[in-house]
Structures are given as structure tokens and as C-alpha cells.
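Please read them with the coordinates open.

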Amino acid sequence: MPDAPSLAASLNPGTPTDSVARAELSEIDASAKWPVLVFLLSSLIWLLIGTAFALISSIKLHTPEFLGSYEWLTFGRARTAHLNSVVYGWSVNVAFAVAFWLMARLSRAMLRHPGLLVVAACFWNLGVTIGVVGILAGDSTSIEWLEIPPYATPLLFVAYALVGVWAVITFRFRRSEHIYVSQWYLLAALFWFPWLYSIAQIMLIFEPARGTVQALVNWWFAHNVLGLWFTPIGLAAAYYFIPKVLGKPIHSYYLSVLGFWSLAIFYNWAGVHHLIGGPVPAWVLSAGIAASLMMVIPVVVTAINHHMTMVGSFGALRSSPTLRFVVFGAMNYTLVSLTGSAMAVRSFNEITHFTHFTVAHAHQGMYAFFTMVMFGAVYYIMPRILLKEWPSATLIRIHFWATAIGIMIYWIGLSIGGWIQGTEMNNANIAFIDVVQHTIPWLFVRSVAGIVITIGHVAFAINVVWMLFARRPAGATAPTLFDSPPATQGALAR
Amino acid sequence: MNKGPLIFLGIFFALAFSWTGVVLTNQIQYGSLTPYYDPNEGKTFPEKPSGLAERGRLVYQDLGCLYCHSQQVRRPGFGADTERGWGERQSVARDYIYERRVFLGTMRTGPDLRNIGARQPSPDWHYLHLFDPQITSPGSIMAPFGFLYEYRAVVGERSPKALKLPVEYAKAHGLERPGYELVPTPRAEALVAYLLSLKDTYQFPEAKPYVPPKKGGAAR
């Protein structure tokens with residue numbers, strides 16, 4: 001497409017460049033309004049559904065008779081409904097919204113035919129709904145991270161194809177000369193996910209591989225959904241929002257290149273560490289452990305890049321909700337990834353494998369990192385597409401503190417419980433039932449953490465709904481901030 | 001990095017690398033593993049599961065048992081799997097070749113089940129345990145599966161499959177009405193048949209524990 005002047009510039013050629021650029025951005029935001037809004041609202045609904053299933057399964061694990069007579073809510077199904085609601089419902093929906101909003105902004109290209117993306121959102125959510133209902137009804141495949149029954153997957157596939165193609169088309173018609181680091185991550189994620197998903201569907205469900213080759217395919221897929229889909233999108237958002245809110249460039253261009261390619265090369269081998277000690281070839285486990293340790297490089301590099309950008313600007317955390325969520329997420333990315341590398345070492349894995357330690361780790365990755373970054377992104381995007389501000393700073397504050405404190409209680413409590421479980425399980429002198437009993441207090445801690453997190457989610461939901469129905473104010477408004485920022489940062493911070 | 005096609009090539013080859021290594025190479029290496037003929041026994045192992053056990057596998061799958069129970073025994077010296085009696089030997093890839101869906105599992109909220117058929121060979125134990133784990137394993141946090149059973153009036157003779165509940169338990173839970181019996185549904189029967197079929201009580205050459213050669217003895 002030729003470099004057409006934006007609508008704002010052609011209407012009023014006399015405006016200064018800065019306001020033209022701003023007007024152009026708001027035109028792009030407006031073009032993305034409906035698809036972003038539909039994906040965000042569906043993700044919010046799934047977040048609440050997923051939280052409900054989370055609480056049910058958490059309580060069941062220390063009080064098994066709770067709702068014990070309902071087959072559709074038995075632990076194996078409720079827990080699986082939780083995972084699929086929060087992964088394919090909440091996380092993927094919000095990832096889609098953030099991904100193509102970022103892609104459109106960074107490519108300085110309007111989203112064409114946004115109506116088709118709304119269709120994609122309907123397909124995706126229909127697919128996930130059928131999938132979760134199918135799981136509750138007993139049609140789960142019992143393949144971790146791929147439980148959605150095969151009759152729902154074609155819908156997901158069509159929806160994904162639309163979103164992926166749209167983001168790539170938006171990129172193709174980019175008018176920016178520079179390709180920003182967030183765009184590398186987005187392009188990679190959008191390309192990797194369908195590859196992983198289709199190979200896993202074929203080799204596990206439609207034409208299953210023989211024996212434990214299935215386990216290798218399963219963990220190649222499941223870990224890469226984290227590493228090659230959610231992580232790149234979370235990092236793309238962090239790379240965009242941290243410098244954007246602070247109004248300063250990212251610490252080092254060179255480090256962002258190094259971080260991107262080392263993640264691309266090492267992460268995709270790491271998943272087999274879920275099978276250490278299992279009946280699969282030892283060489284592939286060793287390769288997976290090596291790759292898991294090599295992940296220290298991209299993690300440290302990205303950590304330096306994110307955290308060094310923050311150095312000197314920590315004061316902005318006091319005022320900007322977006323920044324506070326994103327920086328909390330980025331810090332947890334560093335922590336969770338280094339723990340993950342350690343957990344792949346055989347002697348460490350001998351203890352933590354098969355325990356709640358892994359569950360705590362997974363939640364730190366998917367929640368304390370990815371979900372918190374996405375919350376931050378939502379706080380930035382919503383006012384720009386709706387052209388109105390968040391109605392309540394108090395609700396944002398409740399949301400932040402409840403989720404941040406809740407997930408820390410969750411992570412620390414369950415990690416301790418899992419570690420005790422692992423060391424006791426490896427001591428054959430302790431009866432198995434005693435090992436189980438010793439985990440119960442920590443499972444209670446998890447339920448408490450879950451309730452705290454739920455409070456945060458409810459505050460978030462109230463704020464979103466309130467914002468949707470609030471009247472748009474006439475004239476200019478100030479962003480909703482925690483504290484009024486220092487005068488110099490006022491224009492930048494949100 | 002401003003060249004779209006170059007970035008794309010890099011992205012492509014990054015995943016192609018692990019796809020080739022983890023998926024393709026292993027599929028070629030042992031994706032068509034065959035059973036082992038044991039000349040002493042005069043037959044091949046592993047044995048194919050029965051039709052009822054296969055149906056039970058589907059019940060195991062739809063109830064999500066694998067989220068708390070693994071089906072793999074780690075080698076002696078790595079964890080305490082064999083010391084706990086979860087198996088006489090480590091599990092190897094050949095054990096799984098007839099399983100249409102492999103349930104290795106990644107969690108041990110409950111114990112490993114790879115050899116549960118050998119460790120608990122009594123169907124009665126499994127029926128009671130699945131109905132309410134507190135009967136056989138007090139303090140367990142396993143979900144009760146009462147919905148796999150039917151409490152019904154006895155028609156004619158009592159069913160031979162009726163559960164023999166402990167008297168105290170039956171009284172406490174109102175399950176002692178005269179003329180009534182608690183029987184497993186066909187799904188419970190299939191599930192128990194599947195659990196009883198889980199046993200790797202045969203030997204493969206590759207499953208024998210590795211005994212490191214003694215040090216010092218060789219120096220002559």
C-alpha cells in the first residue's frame with residue numbers, strides 16, 4: 001500500500017507533526033476498537049469462570065467430599081475445566097487482543113476489516129465453550145494442555161487462522177520503517193503456535209504416535225505453548241509498555257536481539273524436562289536439560305534490559321497502574337525462569353517432579369508473569385479504545401494488591417508444601433498417606449490465596465463494566481492514576 | 001533487525017530444529033517399537049489389554065485420574081519408586097506400545113499406578129476404594145466416585161457384585177436399608193478391570209537395572 005496520508009493529516013494539513021502522529025495513533029486505535037473490545041470482554045468472562053473452577057478444585061484437594069457427588073465437578077474434570085478456561089479462554093483471548101492492538105500500533109497500520117476479527121472472536125469463544133462443556137461432560141482427552149475434545153478444535157483452528165493472518169497482514173502493510181522488538185516476538189509467537197498445535201493434534205489425537213513418543217510430543221507442545229506463545233506475547237507487551245509509560249528508550253538494542261534469538265533457539269527444546277526419569281530416550285532428556293539451563297541466557301539478558309530501563313524511574317510505579325502490573329510481571333518472569341532452569345537439573349528435579357512445587361511454578365509463570373503483564377496492558381488499552389478513563393483508582397488498587405499478594409501467598413505456600421512432599425516422597429520410610437497428610441495445610445494456604453486473588457478479579461470486573469457504561473466526559477480528561485505524579489512525568493505516566 | 005523475511009527464516013528454523021530433534025528423530029528412533037518375544041515364557045510382551053480394560057481406560061481418561069496419579073516407575077536410585085513398591089523394575093518405552101493414549105502423568109498427589117493391578121489384586125478393595133477412599137485409606141484426599149455406583153432395591157437375589165461395606169460405615173452413611181444393595185455400574189466395572197490390568201510383571205532385557213562394574217577389581 002502506498003504511504004497514504006492519514007485521515008487527520010489530509011483533513012487538516014496545517015497541524016503540527018506531533019498532533020498528527022497522535023491523531024494517527026487514535027485512528028489506529030479506533031480501527032481496532034471492536035475486535036479488541038470483544039476479545040477483552042470475552043477474556044474477562046473466562047477469567048471469572050476459570051477462577052470459579054480454580055476455587056472449586058483447590059477446595060476439593062483438601063476437602064474431597066466438597067461437591068463430591070457431582071460427577072461433572074469431580075476433581076479431574078473441575079481442575080481441567082479451570083486450566084482450559086484460564087489458558088484458552090482468558091489467556092489466549094487477552095493475548096489476541098494485546099497482540100493485534102500492539103501489531104497495529106507498532107506497524108502504524110490501520111486494522112483492515114475489523115469485522116472479520118470479531119467473527120474470529122466468536123469462533124474462538126464458541127470453540128472454548130464447547131471444549132470446556134465437553135470436558136465437564138466427560139469428553140476430555142486427558143492429554144495435558146490439549147484436553148479440549150477433538151470436535152471443538154476445528155473451530156479454534158479457523159479462529160486462530162483468521163487472527164494470525166490478520167496480524168501478519170497488518171504487519172505486511174506497515175508504514176513504520178523500523179521493526180520494533182515487540183514485533184519480532186509477536187510474529188514469532190503467531191507463527192509458532194499453529195505449528196505446535198497442529199503437530200500435537202495430529203500425533204496425539206488423530207493419528208496417535210506409538211507409546212511414549214506421545215509423551216515427548218505432548219511436552220514439546222505443552223511447554224512450548226508457554227515458552228513460544230505466552231512468553232513472547234508477555235515479553236512483547238513488557239517491551240512496549242515499560243519504555244512507553246516511562247517515555248524513554250529500552251536499555252539496549254543489542255541485548256534485545258540477543259535475548260530474542262537465544263529464546264527462540266533454546267526454549268523449544270526445554271519441554272522434555274517434564275519427563276526426566278521417565279521411559280523415554282536418555283539423550284533427549286539430556287538435550288532438554290541442557291536447553292533448560294541455556295535459557296538462563298535469554299532470561300538474564302531480558303532481565304537486564306527490562307530492569308535497567310526501570311532504573312532511575314521506579315518512582316513512576318507509585319502512579320502508573322500499567323507500569324506497576326507490567327513491572328511486577330517482568331520481575332516474576334526473571335524469577336520463574338531461573339527457578340525453571342534449576343528445576344530441570346536432575347538432582348533438583350528428583351525432588352520437585354510429581355509435586356505441588358511444579359504447580360506453584362506453573363502459576364508463577366502463567367499468573368505472576370503473564371497474567372499480570374496482560375492486566376497492565378488492559379489498563380493501558382481500554383481507555384484508548386473507549387476514549388474514557390477508568391472510573392475508579394481504588395478498584396485498580398484493590399485489583400493490584402489482591403492479585404499480587406494472593407499469587408505470592410500461592411507461590412510461596414505451595415512451593416514449600418511441594419518441597420516437603422518431594423523430599424518425603426523420596427524417603428520410603430515415610431508412609432505415603434503421611435506424605436499426603438503433610439501437604440494438606442499447604443493446600444489450605446492455596447485456597448486462601450485463591451480467595452484473595454478472586455477479590456482482585458471481582459474488583460477488576462466491576463471496574464471494566466462500570467467503565468463500559470460510564471458516560472464519556474466532554475473535553476479532555478486526565479488519566480486515572482494511583483497518586484498524582486510529579487509534574488514532569490504527568491504527561492507520560494499512566 | 002529490520003528485514004522481515006530474515007526474521008521469518010530465523011523463526012522458522014528455530015522451531016524446525018526442535019521439531020526435528022524432539023519429535024521426528026524420536027518417532028524414527030523408536031516410533032515403531034515391537035513387542036519382545038520371551039523364549040522362556042513362549043509368548044510376547046507386553047500383552048494386549050482386554051476389551052473391558054480398554055473401556056476402563058476411557059473412564060480413567062474422562063474422570064481425569066492422571067492429574068493425580070502417574071504411570072511410570074523411575075529407576076532405582078532416582079527417587080524412591082521401587083523402594084515404595086510401586087514396581088519391581090523401572091518402566092521402559094516398550095511397556096507402553098499397545099496403549100492408544102499414554103498416561104505417564106506428571107503429578108503424584110496420589111501414588112503411582114503403573115503396577116496397581118499387582119499391588120492391589122483384589123477387585124473388592126478397588127470397588128470400596130473408588131466408592132469412598134476413606135473406607136480403605138483413611139485420611140486420603142482422593143475424590144469419592146459414588147456416582148459410579150447404584151444404590152437399588154434388591155430384585156430377586158442379591159447381586160454377587162454388591163459392595164461389602166463395613167457395617168459401621170454403612171450405618172453412618174444410611175446405606176444399610178434392608179432389601180437394598182450398592183452395586184457398581186458398568187463404568188465402575190470397566191475402570192476396575194483397567195486398574196487390575198496395570199502391571200508390568202514381566203522382564204525386558206533393556207529393563208534390567210544397570211549394575212556398574214566394580215572398581216579396583218579389574219586392576220590385575
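1. Is α12(A) mostly covered or mostly uncovered? Of the 24 residues in α12(A), 17 are buried, so the helix counts as mostly covered. The helix spans residues 321-344 of chain A, and the distance from its first C-alpha to its last is 35 Å. That is close to the 34 Å expected at 1.5 Å a residue. Please keep in mind throughout that this is a predicted model.

2. The packing of α5 (residues 114-137) against α6 (residues 153-172) in chain A can be described in some detail. The two axes come within 8 Å and cross at roughly 150 degrees. An angle over 145 degrees counts as roughly antiparallel, and α5(A) and α6(A) are therefore roughly antiparallel to each other. The crossing of α5(A) past α6(A) is left-handed. On the α5(A) side, the contact is made by A:L116, A:L117, A:V119, A:A120, A:F123, A:W124, A:L126 and A:G127. From α6(A) come A:L155, A:L156, A:V158, A:A159, A:L162, A:V163 and A:W166. By class, the residues of this contact are 14 nonpolar and 1 polar, with no charged residue.

3. The contact of α4(B) with α7(B) has 8 nonpolar residues, 1 polar and no charged.

4. How many residues does each chain bring to the contact between chain A and chain B? Chain B brings 60 and chain A brings 67. On the side of chain B that touches chain A, α1 (4-30) and α2 (51-63) each supply at least two residues. The most comes from α1(B), with 15 residues. This side of chain B divides into 30 nonpolar, 21 polar and 9 charged residues.

5. Phi of A:L67 is near 55 degrees, which is positive although the residue is not glycine. A:L67 is in the loop between α3 and α4 of chain A, and it is partly exposed, with 16 other C-beta atoms within 10 Å. Phi of A:R108 is also positive in a residue other than glycine, near 50 degrees. A:R108 is in the loop between α4 and α5 of chain A and counts as partly exposed, with 18 C-beta neighbours inside 10 Å.

6. Which residues does the cis peptide bond in chain B join? The bond joins B:F45 and B:P46, and its omega is about -5 degrees. B:P46 is placed in the loop between β2 (43-45) and α2 of chain B.

7. One further pair in chain A is separated along the sequence by 381 residues: A:T63 and A:F444. Their C-alpha atoms are 9.2 Å apart. A:T63 is found in the loop between α3 (33-62) and α4 (75-107) of chain A. Why does A:T63 count as partly exposed? There are 15 C-beta neighbours inside 10 Å of A:T63, whereas a buried residue needs 20 or more and an exposed one has 12 or fewer.

Notes
Residues are numbered from 1 along each chain as its sequence is written. Chains are lettered from A and ligands numbered from 1 in the order in which they are written. This is a predicted model: local features need pLDDT of at least 70, side-chain atom pairs count only at pLDDT 80 or more; totals for chains, interfaces and linings use all residues. Axes are lines fitted to C-alpha atoms, for helices over the stretch in contact, and angles run from 0 to 180 degrees between N-to-C directions. Helices (H or I, at least four residues) and strands (E, at least two) are DSSP runs, numbered from the N terminus. Angles under 35 degrees count as roughly parallel, over 145 as roughly antiparallel, 65 to 115 as roughly perpendicular and the rest as oblique. A crossing is left-handed if the near helix is turned anticlockwise from the far one by less than a right angle, and right-handed if clockwise. Two residues are in contact if their C-beta atoms, placed from the backbone, lie within 7 Å. Ala, Val, Leu, Ile, Met, Phe, Trp, Tyr, Cys and Pro count as nonpolar, Asp, Glu, Lys and Arg as charged, and the others, Gly among them, as polar. The expected span of a helix is 1.5 Å times one less than its number of residues.
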